[in-house]
Amino acid sequence: MECSVTNQIKASLFFSWEIKTLERCIRRSVTPKMLTRKIKLWDINAHITCCLCNGYLIDATTVTECLHTFCRSCLVKYLEENNTCPTCRIVIHQSHPLQYIGHDRTMQDIVYKLVPGLQEAEMRKQREFYQKLGMEVPGDIKGEACTAKLHIDTHRNGETKPEDNPHKETTEEKQEEDHDYHRMDEQVSICLECNSSKLRGLKRKWIRCSAQATVLHLKKFIAKKLNLSSFNELDILCNEEILGKDHTLKFVVVTRWRFKKAPLLLHYRPKMDLL
């Protein structure tokens, strides 16, 4: 009996010794390079390019119905004559497909991080475009360009120097104060008119806000001013067409008010359930 117990103890000790020896060999044989897998940009191009222009996604916009993503300008131009997704051909909406697309900020950030120099090149093209037309460069483009340049300069020679760290928090707080309320963005002048006898008009119907604000922001603003229980009770229209909640004001101006004088005229009314 004692002999069998002794043999079991020896076997267990030998087994544990083998495991430790195996672990030691694995640690010696596996290098950090073996744990890191490099993927070529070519292998993921199909996921970060627009099938309409075959270029990298710029101002990425996703169809809410099927989640396929395209460049905003490409998709808007395509939907002027079509109401289906360019990839899967699913019907987005019979009459108002533009209301069912939305800006995909996450996808655009991924593309800019994966493709070297793409964001800087795009900002440069936009600045040259505005300068060629003799127009002032919008504040949001200036801000993105400065941020991209700062990011490149910071990481070009490695990590931030230790002596710069004490002032880092102060600089970030100052930047947050300078960009508060998006006052440095491109601005849009708006006139909000009531289009229904069931709602009262605003005391101050003329407002000026960031071009990056969305229709949803306007709904919340109007609902707060009129003391409505929910902003979902409202519809906002431009040229008698209901606007999607994710549309930015810049998008509305470009697609529905391009050749008209400021301010952008929008109407609001109680939400109507379309059968």
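Reader: How many aromatic pairs does the count come to in this structure?

Author: The model is predicted. Phenylalanine 129 and tyrosine 130 form an edge-to-face aromatic pair, with 5.6 Å from centre to centre and 80° between the planes. The count comes to 1 aromatic pair.

Reader: Is tyrosine 130 buried or exposed?

Author: Its partner in the aromatic pair is phenylalanine 129, which has 47% relative accessibility and counts as partly exposed. Buried means under 20% relative accessible area. Tyrosine 130 has 13% relative accessibility, so this residue counts as buried.

Reader: Which ring lies under the charged end of arginine 72?

Author: Arginine 72 is one of the buried residues of helix H4. Its charged end is placed 4.6 Å from the centre of the ring over which it sits, and that ring belongs to phenylalanine 251.

Reader: Why is helix H4 described as largely enclosed by the rest of the structure?

Author: The buried residues of H4 are Arg72, Cys74, Leu75, Val76, Tyr78 and Leu79. The elements that cover them include strands E1, E2 and E3, together with helix H10. Helix H4 spans residues 72-79 and is largely enclosed because the buried residues number 6 of the 8.

Reader: Which residue in E3 is the bridge partner of threonine 62?

Author: Strand E1 is joined to E2 by 3 bridges in the antiparallel sense, and threonine 62 stands opposite threonine 69 in E2. E1 and E3 also run antiparallel, joined by 3 bridges. In E3, threonine 62 has as its bridge partner glycine 102.

Reader: Which residues of E1 point the other way from Ala60 and Thr62?

Author: In a regular strand, side chains alternate between the two faces of the sheet. In E1, Ala60 and Thr62 point one way, and all the residues on both sides are buried. Those that point the other way are Thr61 and Val63.

Reader: Which strands stand at the edges of the open sheet?

Author: The open sheet has 5 strands in the order E5-E4-E8-E6-E7, with mixed pairing. Each edge strand has a single partner strand, so one side of each is left without a neighbour in the sheet; the two are E5 and E7.

Reader: What angle does the direction of helix H9 make with that of E6?

Author: Helix H9, residues 215-225, packs on the sheet and touches strands E4, E5, E6 and E8. Its direction and that of E6 make an angle of about 125°.

Reader: Which backbone oxygen does the side chain of histidine 247 reach?

Author: Histidine 247 is found in the loop between strand E7 and helix H10, and at 1% relative accessibility it counts as buried. Leaving aside neighbours within four places in sequence, its contacts include Gln99, Ala213 and Arg256. At 2.7 Å, its side chain reaches the backbone oxygen of leucine 98.

Conventions. Residues are numbered from 1 along each chain as its sequence is written. This is a predicted model: local features need pLDDT of at least 70, side-chain atom pairs count only at pLDDT 80 or more; totals for chains, interfaces and linings use all residues. Side-chain values use heavy atoms; hydrogens and water are left out. Helices (H or I, at least four residues) and strands (E, at least two) are DSSP runs, numbered from the N terminus. Buried means under 20% relative accessible area, exposed over 50%, partly exposed in between (1.4 Å probe, protein chains only). A polar contact is a pair of N or O atoms within 3.5 Å; within protein, one must be able to donate a hydrogen and the other to accept it, and residues adjacent in sequence count only if both atoms are side-chain atoms. Contact means heavy atoms within 4.5 Å. Rings of Phe, Tyr and Trp (its six-membered ring) pair if their centres lie within 6.5 Å; planes under 30 degrees apart count as stacked, over 60 as edge-to-face and the rest as tilted. A charge sits over a ring if NZ of Lys or CZ of Arg is within 6 Å of the ring centre and within 35 degrees of the ring normal. Two strands pair if DSSP finds at least two bridges between them. Axes are lines fitted to C-alpha atoms, for helices over the stretch in contact, and angles run from 0 to 180 degrees between N-to-C directions.
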